[in-house]
Number of protein chains: 2
Amino acid sequence: MKITAIMGAGSVDQAYASKFITLGYEVMMGTRNVTEKLAGNVKDGYGNPLFSEWYSVSKTVKLGTFEEAALFGEIILNVTMGVNSINALKMADEKNLNRKILIDVANPLDFKNGITTSLLPELSNTYSLGEEIQQTYPDVRVVKTLNTMWNGLMVNRAMLNGGDHNVFICGNSSEAKGKVKEILKSLGWPDNNIIDLGDIISGRGTEMYLPLWLRIFGATGNGVFNLKIVSNNESSV
Amino acid sequence: MKITAIMGAGSVDQAYASKFITLGYEVMMGTRNVTEKLAGNVKDGYGNPLFSEWYSVSKTVKLGTFEEAALFGEIILNVTMGVNSINALKMADEKNLNRKILIDVANPLDFKNGITTSLLPELSNTYSLGEEIQQTYPDVRVVKTLNTMWNGLMVNRAMLNGGDHNVFICGNSSEAKGKVKEILKSLGWPDNNIIDLGDIISGRGTEMYLPLWLRIFGATGNGVFNLKIVSNNESSV
């Protein structure tokens, strides 16, 4: 029984939590303040149920502080908003993160002007959120993946194009990437749809794709899409 | 007989020039110094022939200064390196550009440290090359397109995946985008493979995709790939 901590408790986190539970994982979601989270009565504007409504029918998911969740988890999933990620991880406490694999699916979107098509300037082009987390926590094995698509697709690849589209993976530790690939496979992503781009610095490319993702979403009104890399090499890209 | 100026005379420009000639266009390529360009005897390292060798078998292509080419062209194609684009257009002279459509296929890659995976910081995230050209030349109708793929694919879509992959188009003038779509069609791109992202600001997304393009190229050793946007909407993305 694998034990997973999910940093965050929004709709993306809920999608992961539900999926991991169905896969037989034990899951604790981490949030800033458990009481406030359960008492929250403002909907998110995307038609999602209140957290408490979702949580009441997901009783096998545990809920704790960031610190409790990180202590609980063998693997940490960062699904916080990019601008808050380091703060959430600080609340989780380094000793609860060290030597663990941290799967970073967050993006450093800049929401300071509301709806965004831009990244936080300090985390774009020559730096990235994945690198910032890796530099802040050198004893954590950060693996960047799944940040290039709508959360429904992350956990349900088959809903689109017969499942034939791509996910990227980046990180400094080949061993950690190997373990995360196993998790991706359990989520439904076969080897030949996973593109290993290299070290955590290469994650810059995946984060910088977000402005294009957001423009495609804006132009088509549809977020249920993904990239398929087509090439002149039939066996792989 | 349409008359096209191509700003630049490198291998990408040559691919365009050859293609436009076969389509019955008159083409003049613009360069900084015609004599030096023809006398150049340093190969580009990618196995391409010297410019003079290519040019000697492409006699129907005209060669002139940036100014002569811009004066000659009804449509301007910017295929210069992004870091040089504004300088090249200054040499072309504003009066030779005004009221024309400028198709911007360049990217603001930052080569100052050699091989690059980054954009010029001043032309990334909250600004872009397409916007810089549009702001510098408000009477030019800038249309950003074709900058998201290897040049061989730009002019030969069918070589990959039965031709089923995507190109983006961005610009402030719907009329200009309509005319550029006709050119894209003549290059082999049908309507349903062209994704209109909106105004020239939306071109930021296409330029910011380059770091991911470069990482995929680096990881796979193959530049002959492109994006196909797969979605849950069969008729379009």
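Buried area, as I use it today, is the accessible area (1.4 Å probe) that two parts lose on being put together, summed over both. Hi everyone, with that term in hand we can turn to the dimer contact. This is a predicted model, where local features need pLDDT of at least 70 and side-chain atom pairs count only at pLDDT 80 or more, while totals for chains, interfaces and linings use all residues. On bookkeeping, residues are numbered from 1 along each chain as its sequence is written, chains are lettered from A in the order in which they are written, and side-chain values use heavy atoms, with hydrogens and water left out.

So, how much area is buried between chain A and chain B? About 3,200 Å², with carbon and sulfur atoms giving 65% of that. On the chain A side, A:Leu212, A:Arg215 and A:Val230 lose the most area to chain B, and together they make up 20% of what that side buries. Counting contacts (heavy atoms within 4.5 Å), 39 residues of chain A and 38 residues of chain B take part.

Now for the polar side of things. There are nine residue pairs in polar contact between the two chains, both residues at pLDDT 80 or more. For that, a pair of N or O atoms must lie within 3.5 Å; within protein, one must be able to donate a hydrogen and the other to accept it, and residues adjacent in sequence count only if both atoms are side-chain atoms. How many salt bridges cross the interface of chain A and chain B? Zero, by the rule that puts a side-chain nitrogen of Lys or Arg within 4 Å of a carboxyl oxygen of Asp or Glu. Over all chains, though, the search finds 26 salt bridges.

Let's look at the strands, which, like helices, are DSSP runs numbered from the N terminus (helices H or I, at least four residues; strands E, at least two). β9(A) pairs with strand β9 (residues 225-231) of chain B in the antiparallel sense, over seven bridges; pairing here needs at least two DSSP bridges. A:Val230, which I mentioned for its lost area, has B:Asn226 as its bridge partner in β9(B).
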